[in-house]
Amino acid sequence: MDNAIIRVENLWWKYNTGREWVLKGVDFSVAKGEIVGIVGPSGVGKTTLCLCLTGLIPREVRGIIKGRVLINGMDTSTTPLPEIIKKVGIVFQDPETQFVTMKVLDEVAFPLENFGFPRDEILKRAEEALRVTRMIEYSDKYPFELSGGQKQRIAIASMLARRPEILILDEPTSDLDPLGKQEIFSVLSELRRRYNVTLIIVEHDTEKLARFADRILLLYDGRIIEQGPPREFFKNVPFLIEKGVYPPQVTEVFHRLDSLNQEFLPTTLEEAFKILDNLSVRDSSLPSFPRKRKQSGDPIIVMEEVEYVYPNGTKALKGVNLKIREGEFVAIIGQNGSGKTTLIKHIVGLLKPTNGIVKVFGIDTRHINISRLAWKIGYVYQCPDHQLFCTSVYEECAYALRNAGMSEEEIRERVSRVLEIVGLSGLEDVPPYFLSKGQRQRLAVAAVLAMEPEVIVVDEPTTGQDFVQSKGIMNLLKKLNESGRTIIVVTHNMRLVAEYAERVIVLKEGRVIADGDVREVMGDFELLRSTFLNPPQVTVLARKLVPVTVLTVEEMCRILMGDICVGEK
Amino acid sequence: MEISVKNIVITGVTAGLCLPLALFAIILVPIPGLPAASGFWIPAGFYFVMTLWFGVWGALGGHIATTLAMGYFFGYTLQVWADGGLGDFIAPLVCFTIFKIAKANPELKTRRDYVVWIVAVLISSLVCGLWVHTVNLLFGVITWPFWWIGVLTYFIGDSLAVLIVGTPLLKTLTEYVKASPMYVWGEQ
Amino acid sequence: MSRTFFIHVEEKSPLLRLHPLLKITSLLAINLLAWIIDSPVVLLCAIVAVFLSFKIFKVPLARIGKFIVFAVLIVQAVMVSYILGSTIPGNMVYYRFPWGTYISDMTLVYAFTMAAKFLLMLWGSTLLLAVMRDIDIVYGLVSMRLPYYLAFTVNLAFRLSTVFMEDYAKVRDAMILRGTNFSEKSLVQRARNYVRLGTPLMVLAIRRMFEMTNALIIKGFEPGRSRTYLYDFSLTIKDKVISFLLVAAVVLAFLLKTFYGLLTFPGWPFNG
């Protein structure tokens, strides 16, 4: 590639303290103005590759490098780092660790000050960057008070103000709700249109990449093993799934329909709609999909007219009424800031309502000891690092059991059982902080599971996880639900909600605006749109054909395979 | 000595971590008769360990945290900087120096490492207790009869906190820190 | 409302709009004046002036309310020290301790004087820190010709302290949910519980160090490199006058005390 702005040539990298090579001969080029997506399972080296593209590896991080990375012809191993970073910007997954000031405008101006731009140029560029990222009206705000999507946009603005030729985004949307994701990709489109910035995006959301990227690279076991434009890239579905990358749902659906003899597999809804335009459906033989919500037991969590006001005056819950019954699998969805975490903190007793009543197992939470309630309702945090405080995996699982005064024999038995369930057997002596993020998340689940609570509440279990790991966690929760436990999950991942949950509670601005069977809620597009949530691709796809709410790829295939005339209209 | 971004961040993060701990320690375990004294100086457990891992930058972080926390209650004055602030800069560096001279391993793998650790903590706490309360005496913050009480409480408060808080941190996290790109022990 | 490190302050507050250098100079001046002045009456007047300043400069008085406990701690520490350990001469000795110190009629006055010094420093600092933003620390210290990276480090410490306090609360809650009792009767067990908090806090600190270092390097931050500033904090005539007055007040207090015996202990009305 002659006009390559990035050239990676046989790149090998091993951290000083690592035993294995992380990157093993990575080779690829990126043309100026190209948008390249990088996918791959968690822990495969995507962030390491990003750091190599900025020059931080090898200039700031110790290790062994072979091969080279050329940024606009400059070798990152030999060119002074300030020269490289003038050309390259990077936005990390967590925008908060990148903020160093207390005002949005100051944050965006900070890099320009460091590079010695004159004052009026700093202001001009900062304001322009905020305008492009649609954050100009927040210039005077404190960055930490903003939503996740807004924070990430400020992080992008602060890079953009420097007008780098290359912008790398390392999982920029993993912590964001669907609206936040949409905002980020919309801003990235604008960047490309205005500045022809070369974009490298590491993402787990293949549906977004399929729509947006010019080319997608699959990083696996330290190498690029597949690359191509989205249509080419997603052709080999079994191969991708085997490597831990789930293609867009529409691609999966049409892959399974050999009988349609498609020239290509669609990667976006629009492409899929075009194909469906040529198909017809016999209405009379439509499959009926049952309600998922089963008849469950007695209500174990009751909230009546619950209101909660934080000390700073924010009213997070406004008259919430709901009942959760024994044995249910409930998903709580809603935009960031809608009150989801506040709601579940009331359930586990960490917060007490300002008004109204929360009763758990018949007892008002204002009169319950939180530690004792934890044996009935387990709570898994979004960030596992906040709840891992022991020196080994075994001790982490045993911690609560020791506090309860159990015998060592019983502790050993329980710990061994839960580690088996979460797939961490054999790692008993490993300190938790040496585990990967996915493993730490599972350990957090195990530590709570060891207490054998009847209810398990999990806050955003899929954040920062690849799809395989996310499904793994959800499968685990499903297994627990099948064994009789009540599961409450807070998540943004609508695809997983549709596949696993039976009941969905939708929150908006502190109120419950929908509460029902997952099929009913997912089928109400108007409702979901009002909360800036998107139903899964297959649900939208199916609605084009039939007046039935489809939740999974399998259901979509049943409609298309079993009951249609296949062929031209 | 060239200062890098890493050094600034180590200092800032250490100070940011120790500042609220210092505020807690002043409030939770005050010593009657000794303004600014705490019977259990929790942040010491952290900045001693940070110093062993990151050298002078960890100590600087402790110094900034102590000066900012103490100054809030007892005045941003030369006296506060000179006693607690400077004392909490010197103490971890004395410990670090003893560790280096004795070539002990911060991972506390052998009995010798433990002995060096305990002796280093006791010596540094005593030296700095003497420093801090002599400064206090010279500034008239305390009276003579309370000088020796001050030295004793500093010695006990610091060494207890460092040994109780710092030992498990060194034991459990040194290996993890050594694997992190921030570790500088080998480069000192 | 404008956000400072700790609270929100009305935009109209004159203190908020003070030049950063003056905020830091005022902070140091109040503390130095408290240190120099030994007269209890003058100190009392200064404390009253600080209280009134909260109202005049529109800084929420509730800020002081939060620190009543700390004020009590300081007062008790000082009182105990001077009551039990001083030999302040007076007209009458009420009690002699076996170790040679005594309580005289002036002991309590002196103890109160020392307590008043610390209270003045505490509430004066509260007033000024309540209107400090990150740019005040940075621009203020840089105006004093300190290197930018030093100012940035102090700013980072303030900013991260609130982040770590949130982490502490989350970890503590997580431990409570796993059966930890932080109100244990046993001191040893209580210590173990708090010590256990240290591990996740340290892990979070180490991770943040790495991420933050990368982020700062990418933003072009480099200690020692010359940089420009978004804001122009040139000193106006008014700022220069105020800074002169602040410095003059400190110098004057020192001179009055040293050469004229004013502002000394015990001062009017105790010395008749």
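This is a predicted model: local features need pLDDT of at least 70, side-chain atom pairs count only at pLDDT 80 or more; totals for chains, interfaces and linings use all residues.
1. Overall form of chain A. The secondary structure of chain A consists of 23 helices and 22 strands. The C-alpha trace extends over about 70 × 65 × 50 Å along the principal axes.

2. Interior of chain A. Of the 569 residues in chain A, 60% are buried. Among contacts in chain A with a separation of 6 or more, 68% are between residues 24 or more positions apart.

3. A salt bridge across the sequence. Over all chains, the structure holds 54 salt bridges. One of them pairs the side chains of A:Lys87 and A:Glu165, at 3.2 Å from N to O. Because A:Lys87 belongs to helix H3 (residues 81–87) and A:Glu165 to the loop between helix H6 (148–160) and strand S7 (166–170), this pair ties together parts of chain A that are 78 residues apart in sequence. Both partners are partly exposed, A:Lys87 at 26% relative accessibility and A:Glu165 at 23%.

4. A salt bridge within one helix. A:Glu410 and A:Arg414 form a salt bridge in which the closest N and O atoms are 3.6 Å apart. Both residues lie in helix H16 (residues 408–422) of chain A, separated by four residues, about one turn of the helix. A:Glu410 is partly exposed, with a relative accessible area of 35%, whereas A:Arg414 counts as buried at 11%.

5. Further charged pairs. In chain A, one network of salt bridges with shared partners joins A:Glu252, A:Arg256, A:Lys471, A:Arg495, A:Glu499 and A:Glu554. Another salt bridge links the side chains of A:Glu307 and A:Lys315, at 3.9 Å from N to O; A:Lys315 is partly exposed, at 39% relative accessibility.

6. Chain B contributes 58 residues to the contact and chain C contributes 55 residues. Together the two chains bury about 4,700 Å², 83% of it on carbon and sulfur atoms. Zero salt bridges are counted between chain B and chain C, and one residue pair is in polar contact, with both residues at pLDDT 80 or more.

7. The chain B side of that contact. Elements that each supply at least two residues include helix H1 (5–28), strand S2 (34–38) and helix H6 (144–178) of chain B. H1(B) provides the largest share, 17 residues. By residue class, the side of chain B that touches chain C comprises 43 nonpolar, 14 polar and one charged.

Note on methods:
Residues are numbered from 1 along each chain as its sequence is written. Chains are lettered from A and ligands numbered from 1 in the order in which they are written. Side-chain values use heavy atoms; hydrogens and water are left out. Contact means heavy atoms within 4.5 Å. Buried area is the accessible area (1.4 Å probe) that two parts lose on being put together, summed over both. A salt bridge is a side-chain nitrogen of Lys or Arg within 4 Å of a carboxyl oxygen of Asp or Glu. A polar contact is a pair of N or O atoms within 3.5 Å; within protein, one must be able to donate a hydrogen and the other to accept it, and residues adjacent in sequence count only if both atoms are side-chain atoms. Ala, Val, Leu, Ile, Met, Phe, Trp, Tyr, Cys and Pro count as nonpolar, Asp, Glu, Lys and Arg as charged, and the others, Gly among them, as polar. Buried means under 20% relative accessible area, exposed over 50%, partly exposed in between (1.4 Å probe, protein chains only).
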